[in-house]
Amino acid sequence: MSDLFDLHKKYVSLKVDERYKYAWPYTETIYPSYFDKVRATADKILEIGVYMGGSVRAVRDYFPNATVIGADLDPQIKDEERLKIVKCDQRSTVELEALGEAYGPFDFIIEDGCHKMSGQVPSLNVMVRYLKPGGVYFIEDVIPKFEDYKIIEYVTRKYVNRNPEYRVEFHPALIAVVRV
Ligand SMILES: C[S@@+](CC[C@H](N)C(=O)[O-])C[C@H]1O[C@@H](n2cnc3c(N)ncnc32)[C@H](O)[C@@H]1O
């Protein structure tokens with residue numbers, strides 16, 4: 001078991017909630033397979049969708065030298081050590097660009113916000129520009145239960161074999177867009 005999973009349990013993140021078992025592999029194996037190579041050197045990580053702060057706190061503790069930016073339409077928590085909370089509507093390209101300019105570039109971006117195309121699409125298209133080379137943009141909760149499962153089709157059409165700057169990796173219920 002990864003210590004990332006244990007940290008998410010400690011901070012009561014929704015990614016390890018009993019109701020969302022499809023998401024458990026994110027922190028058990030999938031995220032560690034990307035994170036561990038740069039665990040000591042990553043310095044900037046963004047998560048869109050903070051809720052009660054479980055995930056952003058877990059990620060902050062996992063990366064000893066990183067600051068985590070948590071962006072949310074309606075933030076429920078305040079800044080802490082190595083954790084900056086920012087109000088941002090992920091449907092707004094203007095607000096997303098301001099976020100990227102103020103805090104980017106990022107080693108990783110985790111999108112766990114509205115789970116609707118109206119937010120998923122602008123967030124992806126704006127924020128991939130604020131990834132470091134080798135950085136990864138993750139889209140979570142890509143499951144048929146959510147209205148916007150069609151993000152799979154969108155990413156396939158727009159990013160797979162379309163732009164040599166990006167490589168797409170599909171995981172169960174999770175899409176990773178890697179900036180090559
Ligand atoms: C699933 S919760 C995040 C859970 C958290 N990442 C975790 O793992 O514990 C989704 C969050 O997205 C936020 N959200 C919903 N619509 C949004 C939008 N348009 N822009 C930014 N955040 C939004 C909600 O306020 C909520 O806090």
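1. Helices (H or I, at least four residues) and strands (E, at least two) are DSSP runs, numbered from the N terminus. The model is a predicted one: local features need pLDDT of at least 70, side-chain atom pairs count only at pLDDT 80 or more, and totals for chains, interfaces and linings use all residues. Residues are numbered from 1 along each chain as its sequence is written.

2. Strand E1 (44–48) and helix H3 (54–62) each supply at least two residues of the shell around the ligand. A residue is near a molecule or strand if its C-beta atom, placed from the backbone, lies within 6 Å of it. Of the 21 residues around the ligand, those that come nearest are Gly-49, Tyr-51, Ser-55, Gln-90 and Cys-114.

3. The protein has six helices and seven strands. Along the sequence they follow the pattern α-α-β-α-β-β-α-β-α-β-α-β-β.

4. The seven strands form an open sheet with mixed pairing, in the order E3-E2-E1-E4-E5-E7-E6. Two strands pair if DSSP finds at least two bridges between them. Strand E3 (83–87) and strand E6 (166–171) are the edge strands, each pairing on one side only. From one strand to the next, the twist averages 15°; axes are lines fitted to C-alpha atoms, for helices over the stretch in contact, and angles run from 0 to 180 degrees between N-to-C directions.

5. Within the sheet, strand E4 (residues 106–111) and strand E5 (residues 131–140) pair in the parallel sense over five bridges. Phe-106 has Leu-131 in E5 as its bridge partner.

6. Helix H2 (residues 24–35) packs on the sheet and touches E5, E6 and strand E7 (174–179), with its direction at about 10° to that of E7. Contact between two residues requires their C-beta atoms, placed from the backbone, to lie within 7 Å. Helix H5 (residues 117–127) lies across E1, E4, E5 and E7 and runs at about 170° to E5.

7. Lys-78 lies in the loop between strand E2 (67–72) and E3. Lys-78 is exposed because 9 other C-beta atoms lie within 10 Å; a residue is buried if 20 or more other C-beta atoms lie within 10 Å of its own, exposed if 12 or fewer, and partly exposed in between, with C-beta atoms placed from the backbone. Of the 180 residues of the protein, 41% count as buried.

8. The C-alpha trace spans about 40 × 35 × 30 Å along its principal axes. Of the contacts with a separation of 6 or more, 60% are between residues 24 or more positions apart.
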